Amino acid sequence: MYLAIRRATDEDTDAVLKVTKESFSLYQEELHVDYEVKALKETIATTLADIRENAVFVAERFGVLVGAIRIKKLSDDLWYVYRFGVSPNITNTGLGSSLLDAAVEFAHENGAKAVALHTNSKYYRLARYYYGKQFYVHSTSFDRGYVRALFVLETEPGTGVDLSPAFLQ
């Protein structure tokens, strides 16, 4: 399988939005949720803004964009992963792990001592995946109408990173 991981460009906007909507539609379907999945309301404009203002990485397989992950700096020590998705046709191939690794490595190279993300705590498969990647559940909330878990990966363990900016995401 030919795979390339790279930073997204403006030209990738449509494809990033497409893979985001495909993967989050599957997320919504698998969880049988009736709350609004914000990723499904995303637009070309918000996707393009993320590409220009934050770090968006994409995975290409044989020249076709099949995955994307976004990460942004919340503080000098803390970065936040969001809108992480892989085309439903090629899940469980290691592609998502390559994307996550690229985002975490980028954040760490740019000063991150911790990387955080949120996901639905009832999505067992995804929670297990993040545990396997050395993330831990810091806390949960019900502020979006479901049990939302804040997962954290300490890239420099024991440094006492202030996680409060992640609570607002």
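F135 is buried, with a relative accessible area of 3%. This is a predicted model. F135 sits in the loop that links helix 4 (124–132) to strand 6. The residue belongs to one aromatic cluster, together with Y129, Y130, Y131 and F151. In total, the structure holds 7 aromatic pairs.

**Around F135**
- F135 and A114 are separated by 21 residues in sequence. In space, their C-alpha atoms are 9.8 Å apart.
- Y131, a member of the aromatic cluster, is also part of a nonpolar surface patch.

**The surface patch**
- The patch is formed by Y131, Y136 and V137. Together these residues have about 260 Å² of accessible area.
- V137 belongs to strand 6, which covers residues 136–141.
- V137 has a relative accessibility of 31%, so the residue counts as partly exposed. The partly exposed class runs between the 20% limit for buried and the 50% limit for exposed.

**The F57–F106 pair**
- The ring centres of F57 and F106 are 5.5 Å apart, and the ring planes meet at 65°, so the pair is edge-to-face. The cut-off for that class is over 60 degrees.
- F57 lies in strand 2 (residues 55–61), whereas F106 lies in helix 3 (residues 95–109). The pair therefore ties together parts that are 49 residues apart in sequence.
- F57 and F106 are both buried.
- R7 lies over the face of F57, 5.7 Å from the ring centre.

**The Y80–Y82 pair**
- Y80 and Y82 form a stacked aromatic pair. Their centres are 6.4 Å apart, with 20° between the planes.
- Y80 is buried, and Y82 is buried too.
- The ring of Y82 has the charged end of K72 over it, at 5.1 Å from the ring centre.

**Helix 3**
- Helix 3 has 15 residues and should span 21 Å at 1.5 Å a residue. The C-alpha atoms at its ends are 21 Å apart, which agrees.
- Buried residues of helix 3 include L95, G96, S97, L99 and L100. A102, A103, V104, F106 and A107 are buried in this helix as well.

Definitions and conventions: Residues are numbered from 1 along each chain as its sequence is written. This is a predicted model: local features need pLDDT of at least 70, side-chain atom pairs count only at pLDDT 80 or more; totals for chains, interfaces and linings use all residues. Side-chain values use heavy atoms; hydrogens and water are left out. Patches are made of residues with over 30% relative accessible area and no salt bridge: like charges are joined within 9 Å, nonpolar side chains (Val, Leu, Ile, Met, Phe, Trp, Tyr) within 5 Å. Accessible areas come from the Shrake-Rupley method with a 1.4 Å probe; for residues, only the protein chains shown count as cover. A salt bridge is a side-chain nitrogen of Lys or Arg within 4 Å of a carboxyl oxygen of Asp or Glu. Helices (H or I, at least four residues) and strands (E, at least two) are DSSP runs, numbered from the N terminus. Buried means under 20% relative accessible area, exposed over 50%, partly exposed in between (1.4 Å probe, protein chains only). Rings of Phe, Tyr and Trp (its six-membered ring) pair if their centres lie within 6.5 Å; planes under 30 degrees apart count as stacked, over 60 as edge-to-face and the rest as tilted. A charge sits over a ring if NZ of Lys or CZ of Arg is within 6 Å of the ring centre and within 35 degrees of the ring normal. The expected span of a helix is 1.5 Å times one less than its number of residues.
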